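Q: I am new to this structure and would like a close look at a single part of it. Please take me through that part slowly.

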Amino acid sequence: MKILVTGGTGMVGTYLKKVATCEHDWVFVSSKMYDLINPDAVDEMFSSIKPDMIIHLAAVVGGIYKNMKEKVKMFHDNVIMNENVLHFANKHNVQYGIFCVSTCVFPANPKAFPMTEDMIVDGLPHSSNDAYAYAKRMMYVQCKNYNNECGRKYMCVAPCNIYGKYDNYNLVDGHVVPALLHKFYIALKSGEKLIIPTGANSMRQFIYAKDLAKVMVRMVENIDTLTFDNLIVANDEVRIVDIIHQIAACFPGVQYEIIEKEEGIAKKTCSNRLLMETFPDLTFLDMNHKLKKSAEWFVNNYETARK
Ligand code: NDP
């Protein structure tokens, strides 16, 4: 099978390249090769690559601050990219697709915790990321439309917070883990005390990008037998405060203080029951160990890391 992966230069795309199995022909593309905002470029991408399956990872992605300050771009670019990819995938008769949504697009006040796959469009998303959330939700709805009207097999994957090497370590635009790693690195170099605002009871689920990439490969291998339209990929929930202490341990000597300030949603617990029922032998890499590896990678690649 020929598999086209958009977002091939991003964090998840880079890990997918590493774990991709050799029985398939994988083609990873970047925005320089094909700007997915441009419909002509997307049409050309499908006509020249002729894939049997699309894995659509490309997106405008960011942490809470980027989501709050760039709502117009987050909505516009993601809606246009997703629509272009879906429209031309179907037009070029691409039968299979895996499309990346996110657990952070689930309702802010769900009827119950943990949230399950079917709750993705249930209620209002949190106001801090509603633009990104609605764009992703529309992609989920449109995948189902193509399945129902055109007989396609387009399914969504909803990962929790992803972390790993090759992340975006920007202090403002990055997600919580890479932004914290960067802040600790700066504090280590400057000797200044780090003040970190967070909610004492804020909880999140995290997954190492390589674990997510492995799930995607398993989905590819089993695509004909999978019957769901959305799959939550999440690990156990942890307190953000505990993650801060773990990251601090990667930067011995840095003085830091956590101050109480809830900036986003306190928790968005999602169930991984369907994931574990589908792939019962699935295991997750140890977060403490992988945080250390991500910190080491960032320090060693500081000059070239995305920041
Ligand atoms: P990255 O920010 O690391 O990578 C984004 C990718 O999208 C890059 O390869 C980039 O290409 C590509 N891209 C952006 N704009 C365009 C465009 N106009 N045309 C073509 N390609 C474009 O993202 P991640 O790897 O972290 O995320 C992968 C997927 O997972 C995304 O769909 C994201 O929404 C989802 N997700 C991410 C989470 C996270 O915590 N990171 C959590 C949950 C879901 P280039 O580098 O060439 O510009």
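Predicted model: local features only at pLDDT ≥ 70, side-chain atom pairs only at ≥ 80, totals over all residues.

A: Residues are numbered from 1 along each chain as its sequence is written, and side-chain values use heavy atoms, with hydrogens and water left out.

The N-terminal end of H2 is capped by Asn 38, which has a side-chain oxygen 2.9 Å from the backbone nitrogen of Asp 40. For such a polar contact, two N or O atoms must lie within 3.5 Å, one able to donate a hydrogen and the other to accept it within protein, and residues adjacent in sequence count only if both atoms are side-chain atoms. The helix itself covers residues 39–49; helices (H or I, at least four residues) and strands (E, at least two) are DSSP runs, numbered from the N terminus. After H2 comes Lys 50, whose phi is positive, near 50°.

Within H2, the residues Ala 41, Val 42, Met 45, Phe 46 and Ile 49 are buried, where buried means under 20% relative accessible area, exposed over 50%, and partly exposed in between, with a 1.4 Å probe and protein chains only. These residues lie on the same side of H2 because they cover an arc of only 135° around the axis, an arc taken from the directions that run from the helix axis to the C-beta atoms.

The buried residues of H2 pack against strand S1 (2–6), strand S2 (25–28), strand S3 (53–56) and helix H4 (71–91), contact meaning heavy atoms within 4.5 Å.

Two of these neighbours, S1 and S2, are themselves partners, pairing in the parallel sense over four bridges; two strands pair if DSSP finds at least two bridges between them. Strands of a sheet pair through backbone hydrogen bonds, either parallel or antiparallel. In this pair, Ile 3 stands opposite Trp 26 in S2. Together with helix H1 (residues 11–19), S1 and S2 make a right-handed β-α-β unit, right-handed meaning that, with the strands pointing away from the viewer, the path from the first strand over the helix to the second runs clockwise.
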